[in-house]
Structure formats: C-alpha cells, structure tokens
Amino acid sequence: MDTLFNISVEQVIEFLGTFAFAISGIRHAAEKTFDWFGGYVCGIAVAIGGGTIRDVMLGTTPFWMTSPFYMLCTALALVVVVVFSRWIERLQNAWFVFDTLGLALFTIAGIQKSIAFGQPYWVAIIMGCITGAAGGVIRDIMLVREPVIFHKEIYAMASVMGGLAYWLTIQLDNSVELSAIISFTVTCVIRFLAVRYHLSLPKLKKLIAEEE
C-alpha cells in the first residue's frame, strides 16, 4: 500500500499530460467520425508517438513497452470522451493547460533521457522537441491533414526554447532540478503567450508562381 501513495509530482503531471494528449487525439478523431478503436489509436499516437520515435533513435526499448500505464491511460481517456462528450468542449481551456504541461514535461523527459544515453545537448534538445511534439504530427497525418505545428500556432518552438533554457541553466552550473523547473516554466510561458496573443512564426513565400 505504501508504494500506491508514493507518487511524485512529476508522475502526476506526466499522467495529466498523457491523459490530455490522448484526449486531444481522440477528440480530433471524433471530428472525423472515427469509431472507438480509431479514436483509441489516434489517442495513443499522440500519447506515445514522440517518445517512441525518441527511443528508437536512441536504440533502446520504447518506454511504453515497459509498463501498461500509457495504454490504460489512453483507454481511460477514451471512456471519458465517450461518456462525457457533451461536457468535453466546455473544458477547452483546461485541456489546453494540461496539454501544455504535458509538452513541457515530455520535453524535459526527452532531454534527460538523451543525456543519460550519452548524447550531446544539441541532440538532447532535438530529442526533447520530438518527445513533446511528434505525437501531434503523427495524429494529423493519420487524420489526413497538414500537421498543425507546421502552419499554425507556436508549439514545437516552445519545446525548443524550453530545451535551450535547460541547457543554458546547466551551463551556469545549476542543479538538474533547477534546470528542469526553468525549462518547464519557459516552455509553458511561451506556449501560453503564443496562444494568448496569436503569435506565430513568419510564413514562407511561394517560390513558384501558380499556373493560370
């Protein structure tokens, strides 16, 4: 029983982030009128997609294969969407906050795991971004649409900036804990400000004129 209640703050946030990511995938699948299984697949793609790509690139067993936690968490998200579909949209802001917390946490997790595998910081920052943002790309591809991170609001760049903050803090001889807190804060603040003030990166201009 002691281990049941021995849950860290990071694990709680990880659960909320995974749950929010899964909800995101399932909600988008619902817009396409997918069946329950299709919704579950989209949910799991968002929840574990980025971390799976990271682990494959690091040459290690994908994290979700070591514990049923992520599968069960996504199943719970599916049940919530099915049962409480009428109230889900009213919680739009809450899901956005959880999604942002998940992005920040998974960014840190990707960085720390990459460093543990002996990768340099520039690789670790990329891995952090992949961990946090690649799941959404997989979801959008499955739904046959342009990935949101390529043409809409700042998302992946918030992860990258959080990774840079982690690296800079470490370079100043601060603890890993403080680096994680600062990285987490930077990622969340940039994400919140980008959505609040509708900030986005400049768009590329067309290089080839359209045929008349």
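Which side chains meet in a salt bridge at 2.8 Å, N to O? Select Asp-55 and Arg-54 to find this pair; a salt bridge here is a side-chain nitrogen of Lys or Arg within 4 Å of a carboxyl oxygen of Asp or Glu.

Before moving on, note that this is a predicted model, where local features need pLDDT of at least 70 and side-chain atom pairs count only at pLDDT 80 or more, while totals for chains, interfaces and linings use all residues. Residues are numbered from 1 along each chain as its sequence is written, and side-chain values use heavy atoms, leaving out hydrogens and water.

Stay with the pair: Asp-55 is buried at a relative accessible area of 0%, and Arg-54 is buried at 5%. (Buried means under 20% relative accessible area, exposed over 50%, partly exposed in between, with a 1.4 Å probe and protein chains only.)

Next, select Asp-140. Its side chain meets that of Arg-139 in a salt bridge (3.0 Å, N to O), and Asp-140 forms another with Arg-145. Asp-140 is buried at 1%, whereas Arg-145 is partly exposed at 26%.

Then colour helix 8, residues 156-171; helices are DSSP runs of H or I with at least four residues, numbered from the N terminus. Among its buried residues are Gly-162, Gly-163 and Tyr-166. Finish on Tyr-166, whose contacts (heavy atoms within 4.5 Å), leaving aside neighbours within four places in sequence, include Ile-108, Tyr-121 and Ser-183.

How values were computed
Helices (H or I, at least four residues) and strands (E, at least two) are DSSP runs, numbered from the N terminus. The expected span of a helix is 1.5 Å times one less than its number of residues.
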